[in-house]
Protein chains: 2
Amino acid sequence: MNVNREPIRVALLGCGTVGTEVLRLLQDQPEEFAARTGAPMQVTGVAVRRPDKHPEVPPGLLTADASALVDGDVDVVVELIGGIEPARSLLLRALRSGKSVVTANKALLAEHGSELYAAADEAGVDIYFEAAVAGAIPLLRPLRESLAGDRIHRVMGIVNGTTNYILSEMDATGAGYAETLDEAGRLGYAEADPTADVDGFDAASKAAILASLAFHTRVTASDVHREGISGVTPGDLAAARQLDRTVKLLSICERVVDEDGGESVSARVHPAMIPSTHPLARVGDAYNAVFVEAEAAGELMFYGRGAGGAPTASAVLGDLVAVARNRVVGGRGPRESAHAKLPVQPMGKTPTRYHVSLDVADKPGVLSQVASTFTDHEVSISVVRQQGRGADASLVVVTHTAADEALRSTVESVARLPVVRDVVSVMRVEGEPS
Amino acid sequence: MNVNREPIRVALLGCGTVGTEVLRLLQDQPEEFAARTGAPMQVTGVAVRRPDKHPEVPPGLLTADASALVDGDVDVVVELIGGIEPARSLLLRALRSGKSVVTANKALLAEHGSELYAAADEAGVDIYFEAAVAGAIPLLRPLRESLAGDRIHRVMGIVNGTTNYILSEMDATGAGYAETLDEAGRLGYAEADPTADVDGFDAASKAAILASLAFHTRVTASDVHREGISGVTPGDLAAARQLDRTVKLLSICERVVDEDGGESVSARVHPAMIPSTHPLARVGDAYNAVFVEAEAAGELMFYGRGAGGAPTASAVLGDLVAVARNRVVGGRGPRESAHAKLPVQPMGKTPTRYHVSLDVADKPGVLSQVASTFTDHEVSISVVRQQGRGADASLVVVTHTAADEALRSTVESVARLPVVRDVVSVMRVEGEPS
């Protein structure tokens, strides 16, 4: 490939752990990038809040004025600031002035993706964002491109490392949520304000991005049903273990087909029990893994590091090479694909399965009372396990698939039965035949 | 996306299980493809050897004259014939007349990939081949594009289903190779002539393609060291089990860095022991899985169906949408990336590790004789296990990394020691720290 051409000029917004790695890798092997791109890659500036705090960056590149950097002579803007503003304004400004964009900003894409796509489209430039979901794992490009001729039914994955660490630790130690979160904070696995992770906001943004790509439909973070892990108890984990299951925080995007063949999209984040034999059950804290089920391709799994400076930088650089190549050869990457316009289903209508673990009185008729409560709500039972222990008994019920609101109200009715002493655990079940 | 434009005309060469699925999926949801591509997709013809044998194809589309179909008014040629000729001539003809190509032909790409790339380049058209390796698993696009900004160290995978089935069955039943191969033939897991699978030709073609993409270097099938599974014995599998390992036929592509920092590529296919806890150990026969280790991204795994009509069709259609989109928006996919031009290392020089299982006389001094033979060849031992059983003893040695030829000649010397009664198993070890 001929590389005797003008360099591709790159502006970097933000220089934390990811930005530092991007810069290092770009400067480490310039010839490699030139050969792969078809033109040399030149970083024209690095915008940071406090230029004096970045001794690792050549001083001539540093600036506190991100707007001026974006407005300058650059071909590609790489955004690693995170958050909605000023990232959104800066990227819109970049796109509108004909600059391509590479970003790792999941929150921004999950809320304002369409606005960014539209701006890119109008200017005929690219927006790439592989690093926004599951770090280094090449996941968005396969969804956007490799599976473009297939029909995706389901995307289900572990895409948040902090919550995966906390749940794994709770399972290993038997400790409670609050205690384990504190420990995670001390060890650097959880941020000082862990809300985005533990309440599922991070996973919900990623679910919105995945659902949009998988189903050719605009899905925003606010469309995603979201439950975090703060309600997960040692009792839930113990109940899971008893049925050889484990609890994970899952991001689930499903194509739901109703009885009349009408289609909708379900996008949700919640803790769920999955079988211990399920490949997602073994995914350790630093790793992410995503299952994709497609009509023709069948079951696919993508596994790798979900966060961290170098892995995220790998995804950013892959996008940067693609965007730069498009500039060199005159092509364009995929645009927004939202033609399907499927409605997003409310959680209540979404078909799910429940695992319910109860403490009940150990006397005749208890099982039939509980079972008939399920029947009254037209919820069908898949598994029942009753075990006496003195005056009490432990009763575990796993349902077949039903609308989530029907399951929820069934549990409420069951909880009110006088023979039910305690509802020990209520958790959705995923990853097994219904 | 505006779809009021001329259709993208597609010629299909070959219509076996994959072609039939491609045709079915294209005809099933034409609006979907039009929306994703930006133009309607129109199959202009299907070339097969015996048009009268294809009642599933609309008769107006069928032709026995592939050359005429390729020469006609088409934009994209999809080749699913397999083998070198006439596929090679037909695709060169297509590319030279400005038609883009989508192919699943691993043998052709592994031998004549550069010639095809060059023809595509000269005409400014695309050649895509995701389906050539690991069926439905999006693997080549991530290697070619997502990881384009990273530095790949290693690609290691199970990419042949037939051999994976036979090894799994041998392990489960204790039966020998010949017997299990016969059974696999009866059950449809092995072809009437199984040579391409069991002798590793299929896996070697795939290794050549993977190594070329991963290391930006031309690697052909003949560069790949190839050992099939016909030499694997129940004794090998038993020896593996004793150390909690399992035997898999692996395609391995490595960047090898010598003491002076000089780089070369090792591409090889051979049976190897991997730990039972390694994710590849659990990959069942119908599935393929590929591990990728990259400098920044770390460890990635891709898993899915490696063969079959529908999964392969999914990969072909993904490529078809990409190629068609490039036609519509005026872009180009990645070209050949062979700038690194690394030498391919002969197998003898490649660093590997051996597992050697011996029957030895159970008397003093045996271990020291065996150990000093390894030392004489400057091969360092990692694990030794000796277990007496009457007059004999079982001695297992696992080495540290050494040049493959040094390991091989060590084993030859050990076999000649009078105290060594039998060499039960010799197998390379992969997937664990050296």
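1. Conventions. The model is predicted, with local features needing pLDDT of at least 70, side-chain atom pairs counting only at pLDDT 80 or more, and totals for chains, interfaces and linings using all residues. Residues are numbered from 1 along each chain as its sequence is written, chains are lettered from A and ligands numbered from 1 in the order written, and side-chain values use heavy atoms, without hydrogens and water.

2. Sheet. In chain A, 6 strands (DSSP E runs of at least two residues) form an open sheet in the order 3-2-1-4-5-6, with parallel pairing (at least two DSSP bridges between two strands). Strand 3 (62–63) and strand 6 (127–128) of chain A are the edges, each pairing on one side only.

3. Strands 4 and 5. Strand 4 (residues 76–79) of chain A pairs in the parallel sense with strand 5 (residues 100–103) of chain A over 4 bridges. Opposite A:Val76 stands A:Ser100, in strand 5 of chain A.

4. Helix pair. Helices are DSSP H or I runs of at least four residues, numbered, like strands, from the N terminus. The axes (lines fitted to C-alpha atoms over the stretch in contact) of helix 7 (residues 161–173) and helix 8 (residues 177–186) of chain A come within 9 Å and cross at roughly 125°, on a scale from 0 to 180 degrees between N-to-C directions.

5. Helix contact. A:Tyr165, A:Ile166, A:Glu169 and A:Met170 in helix 7 of chain A meet A:Tyr177, A:Thr180, A:Leu181 and A:Ala184 in helix 8 of chain A, contact meaning heavy atoms within 4.5 Å.
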